[in-house]
Amino acid sequence: VHAQTYRDNAAELIGRLQELDKDIRAQVNTFTTKRFVAFHAAWIYFAERYGLQQAAVIEQSPGKDPSPAEIRRVVDTARSIGAKAIFAEPQLSPKAAEVVAGETGAQVLLLDPLGRPPDYDYIQMMRGNLEEMKKALAE
């Protein structure tokens, strides 16, 4: 009964996703830096798809605070790549990211891998994430 509606909605969503993909590619191509530091490995597939490199991850194991040695490695990596920002997440405590940022002179910016119901909009969320990345990776 509703098959055509489902097909129409799917076609519209696919078109919006293709436009988002095209826009992300175009923006990432303007980035002068392709390496970044994130709170955890939530961005690995995004990075691979768009030619970026997640150079370091603060929280290696979900829910487990990084050790001082792990923080030191992240700080060293952030310094070596000249990170302007350390990407934290709004769902998690930014404390470890703030420590790394404080040690490197970077700022803490938020990337949202999950969104927040009830007003969740994947495309809008990803465009917001792209704008945050732009602040740190584009000159």
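## Leu-52 and its contacts

Leaving out residues up to four places away in sequence, Leu-52 touches Val-28, Phe-31, Lys-34, Phe-36, Phe-46, Ala-47, Met-133 and Leu-137. Touching, or contact, means heavy atoms within 4.5 Å.

The structure is a predicted model, in which local features need pLDDT of at least 70 and side-chain atom pairs count only at pLDDT 80 or more, while totals for chains, interfaces and linings use all residues. Residues are numbered from 1 along each chain as its sequence is written, and side-chain values use heavy atoms, with hydrogens and water left out.

## Nonpolar cores

Leu-52 is also among the residues with the most contacts inside the largest nonpolar core, together with Phe-31, Phe-36, Phe-46, Phe-87 and Met-133. This core has 23 residues. A nonpolar core is a set of buried Ala, Val, Leu, Ile, Met, Phe, Trp, Tyr and Cys residues joined through side-chain atoms within 4.5 Å. Buried means under 20% relative accessible area, exposed means over 50%, and partly exposed is in between (1.4 Å probe, protein chains only).

At least two residues of this core come from each of α1, β1 (35–38), α2 (44–50), β3 (85–88) and α5 (122–137). The element that gives the most is α5, with 7 residues. Helices (H or I, at least four residues) and strands (E, at least two) are DSSP runs, numbered from the N terminus. A second, separate core has 17 residues, including Ile-58, Ile-81, Ala-96 and Ala-101.

## Salt bridges

The count of salt bridges is 9. A salt bridge is a side-chain nitrogen of Lys or Arg within 4 Å of a carboxyl oxygen of Asp or Glu. One of them joins Asp-21 and Arg-25, whose closest N and O atoms are 3.2 Å apart. Both residues lie in helix α1, 4 residues apart, which is about one turn of the helix. Asp-21 is buried, at 17% relative accessibility, whereas Arg-25 is partly exposed at 33%.

Glu-103 forms a salt bridge with Arg-72, with 3.9 Å between the closest N and O atoms. Arg-72 lies in helix α3 and Glu-103 in helix α4 (residues 95–104), so this pair ties together parts that are 31 residues apart in sequence. Glu-103 also meets Arg-79 in a salt bridge (3.8 Å, N to O). Arg-79 lies in helix α3, so its pairing with Glu-103 in helix α4 ties together parts that are 24 residues apart in sequence. Salt bridges that share partners join Arg-72, Asp-76, Arg-79 and Glu-103 into one network.

## A buried charge without a salt bridge

Glu-70 is placed in helix α3 (residues 68–81). Glu-70 is buried yet has no salt bridge, and the nearest side chain of opposite charge, Arg-73, is 4.5 Å away. For charge, Lys and Arg count as positive and Asp and Glu as negative, while His and the chain ends are not counted. Apart from neighbours within four places in sequence, Glu-70 is in contact with Gln-60 and Asp-65.

## A nonpolar surface patch

Leu-13, Leu-17, Tyr-120 and Tyr-122 make a nonpolar surface patch of about 370 Å². Patches are made of residues with over 30% relative accessible area and no salt bridge; like charges are joined within 9 Å, and nonpolar side chains (Val, Leu, Ile, Met, Phe, Trp, Tyr) within 5 Å. Accessible areas come from the Shrake-Rupley method with a 1.4 Å probe, and for residues only the protein chains shown count as cover. Leu-13 is in helix α1 (residues 3–28) and is partly exposed, with a relative accessible area of 42%.
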